[in-house]
Amino acid sequence: MESKVRKALRNPFALTIIAIILGFIIAMFILAVAGFPPFKSVGILIKGMLGTPKDFTAVIIKSTPIIFTGLGVAFAMKTGLFNIGGEGQYMVGCIAAVAIGSWLDFPAPLQIIFTVLAAVLASALYAGLVGLLKAKKGIHEVISSIMLNWIALYLNNWFTNTNFYHKPNTMGSYPVRESAYTMILPQWKRSEAGLAVLRNNKFLLQVLGRNDVNVGFIVAIAASVLVTWILTRTRKGFELRAVGSNIHAARYTGIDVEKNMIQSMMISGALCGLGAAFYITGQQPHLLNTLSSSENIGFNGLSVAFIAQNSPIGCIFAGLLFGGLLYGGATLQSQLGAPTEIINIIIGVIVFLVALSILIPRFLDTHTKKEKPQEVTAKEKEKKKGAGNV
Amino acid sequence: MFNTILLALGITLMYSTPLALAAQGSVMSEASGVVNVGIEGMMTVGAFFGALIGERTGNPWFGFLCGGLAGAVFGLIHAFASVTCRADQTVTGIAMNLVGPGVSLFLCRLFYNGGVQSEPVKNKIPNIFSKNVLKGAASNLNVSWTTLIALLAAIVIWYIFYHTTWGLHIRAVGEHPAAADTLGVNVYKVRYICVIMSGFLAGLGGASMTLSVVSQFSPTAISGQGFIAIAAVIFGKWTPQGGYLAALLFGFFTALVVLLGGTAIPIEILSMLPYIFTIVILVLFVGKAAAPKANGKPYIKGTR
């Protein structure tokens, strides 16, 4: 029998937790070297994330877009595509949401549907272009995605400054109409009756009153369940994964590899577009701004997917962790003056350690006494796996 | 007209320098079979340490070297993860892209009173000719020494790759590590050296940005250049000469944007052109990517 510790060390979830803890320890070390009190810093960081219901709600709101982009990346990964273009797809989604949401003027449910659909469709098509270029012309998805990220950035700036959409005397566009808002009870919480209720309930006041609580997070959970279901329970999901794990075998069994590549990219993009839609409709300032460089929502999605090891459900938690650190990092800077970039270091170390964590089961396999039969089998498995890889 | 051409050439060479150096780094790593998406992070640490040391010591050459070495340290970490630990190279590369800029900006705030920009360096890396050698329009061609270094790096790496045993080893390790191993090539050693060199060159590329193109470090000094360098390598089909020419092409597109600025076309649309051109060229002329066969695959001794 393997000891409990050994078993735990083979569990990817436990390993991820260890990676996260180590990430914090390394960050504390760096902070200490830089002259900041390490324990106090981490205390402030965690308190900044979870201190009050208001903070925790803000973390959820901040996390929602990167959970969506993380889901998009994870989905593409599962089907063998590296979607580094989440950044551009997200931006194009934001542009489409503002284009439709500030231009059309329908009552609430219709306006929301049109705005969200516009974002999802735009992002899906933008990502589909990457899939199309790869499927038809053999152009590496990484190079076309990187180019499209930049194009999206300048498209955003051009769009924001068009006469029709630019709001005079600002750096931004007009916001989407209020009928497109997806916050929870936005009018009620500012009405007399709403305020009366909130004043009597501190918890609700903190959660609802002080934040743009929106439906995005709930949709994100639904989306991750849906993605899991598609990948594991449907014929399409099987096809997509087959193309991802062995393109030649998939082709040989009659799967249309090219079509699946394009579809996979479109779904991945659509997920990023959902993130964009609920960012624009659910959070201040509901508009586009002129940007000097990209805002990293798509790139952060990469880290989220990697920490979650491409598990769609895992993306929710990894996204909350990342969003929480970003939010708490601001508190750390304002209270202690410690550079907020420590957050990027923590996340980077966690991503790095999660990638290294596959070492541990392998180490256990090679360093167990040979008379134990089940470990020998495990070793052989590893050998076979290794041989299959090359 | 002639003036404009010379001006375009000068700007092209200036902007292509950081890209060309980083692209050579990317070529080295990928040719040996290790994907390095961490080029962006390595360029950023190079840019920061180059600017910091250059500003503090007043010696831009020493800063340039330190920028390269900072990149090399990150290269070493990437090599350890991807060669020794056989971790997913894409993932550890992305981790480099988080830690690299994270460390750079963290230190920048510590050294420069909480600011995210360094002080400008007093001495930039000098141009090849002294001030009055080239007169008039020809002075556009008085480029920085780093531009020449980038060109030399490409030539040296091209020579190593195709005319020395060492280069043969590198390419063999990237195409079929097991075959190289049976011939007595130390796969791990070759990959370690290539990935560390990749970090060094990316670091030099970053430092050339902050020591010869602009003269200080800022969060947007690199922003995305590393990814473009990777794109340049794919564009150049994983060869040193291809990577260098692709970097020149990107530099040329940037020059076009600079020269066409102020005309009727909105600047945002102009800025898109380099990226649109790249995709169009890929569709029309370049076609299928041909990565080294073992690219991204960890090598386990004893497997086929």
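A:Ser179 is found in the loop that links α7 to α8 (192-200) in chain A. The model is predicted. How exposed is A:Ser179? A:Ser179 has 18 C-beta neighbours inside 10 Å, so it counts as partly exposed. A residue needs 20 or more to be buried. Leaving aside neighbours within four places in sequence, A:Ser179 is in contact with A:Phe106, A:Pro107, A:Ala108 and A:Gln111. A:Pro109 lies 70 residues away from A:Ser179 in sequence, yet the two are 7.6 Å apart in space, C-alpha to C-alpha.

**The two chains**

Chain A has 18 helices and zero strands. Chain B has 11 helices and, again, zero strands. Along its sequence, chain B reads α-α-α-α-α-α-α-α-α-α-α.

For chain A, the radius of gyration is 23 Å. A compact globule of 390 residues would have a value near 21 Å, and chain A agrees with that.

**Where the chains meet**

The contact between the chains takes 43 residues from chain A and 47 residues from chain B. Which helices of chain A supply at least two residues each to the side that touches chain B? They are α6 (108-137), α7 (141-160), α14 (297-307), α16 (342-356) and α18 (373-389). The largest share comes from α7(A), with 11 residues. By class, this side of chain A has 28 nonpolar, 13 polar and two charged residues.

**The cores**

The largest nonpolar core has 213 residues. Among those with the most contacts inside this core are A:Cys94, A:Ile95, A:Ala97 and A:Val351 from chain A, and B:Ala23, B:Ala231 and B:Ala232 from chain B. What does B:Ala231 touch, leaving aside its neighbours within four places in sequence? B:Ala231 is in contact with A:Ile143, A:Ile146 and A:Met147 in chain A, and with B:Thr278 in chain B. Another core lies apart from the largest one. This other core has six residues, including B:Ile11, B:Leu13, B:Val143 and B:Ala255.

**A helix pair in chain B**

Two packed helices are described by the angle between their axes and the distance between the axes. In chain B, helix α5 (residues 145-163) and helix α10 (residues 240-260) have axes that come within 8 Å. These axes cross at roughly 155°. Angles over 145 degrees count as roughly antiparallel. α5(B) and α10(B) are therefore roughly antiparallel to each other.

Which residues meet between these two helices? From α5(B) come B:Ala154, B:Ile157, B:Trp158 and B:Phe161. From α10(B) come B:Pro240, B:Gln241 and B:Tyr244. By class, the residues of this contact are six nonpolar, one polar and no charged.

Methods:
Residues are numbered from 1 along each chain as its sequence is written. Chains are lettered from A and ligands numbered from 1 in the order in which they are written. This is a predicted model: local features need pLDDT of at least 70, side-chain atom pairs count only at pLDDT 80 or more; totals for chains, interfaces and linings use all residues. A nonpolar core is a set of buried Ala, Val, Leu, Ile, Met, Phe, Trp, Tyr and Cys residues joined through C-beta atoms within 7 Å. A residue is buried if 20 or more other C-beta atoms lie within 10 Å of its own, exposed if 12 or fewer, and partly exposed in between; C-beta atoms are placed from the backbone. Two residues are in contact if their C-beta atoms, placed from the backbone, lie within 7 Å. Helices (H or I, at least four residues) and strands (E, at least two) are DSSP runs, numbered from the N terminus. Ala, Val, Leu, Ile, Met, Phe, Trp, Tyr, Cys and Pro count as nonpolar, Asp, Glu, Lys and Arg as charged, and the others, Gly among them, as polar. Axes are lines fitted to C-alpha atoms, for helices over the stretch in contact, and angles run from 0 to 180 degrees between N-to-C directions. Angles under 35 degrees count as roughly parallel, over 145 as roughly antiparallel, 65 to 115 as roughly perpendicular and the rest as oblique. The radius of gyration is taken over C-alpha atoms; the globule rule is 2.2 Å times the number of residues to the power 0.38.
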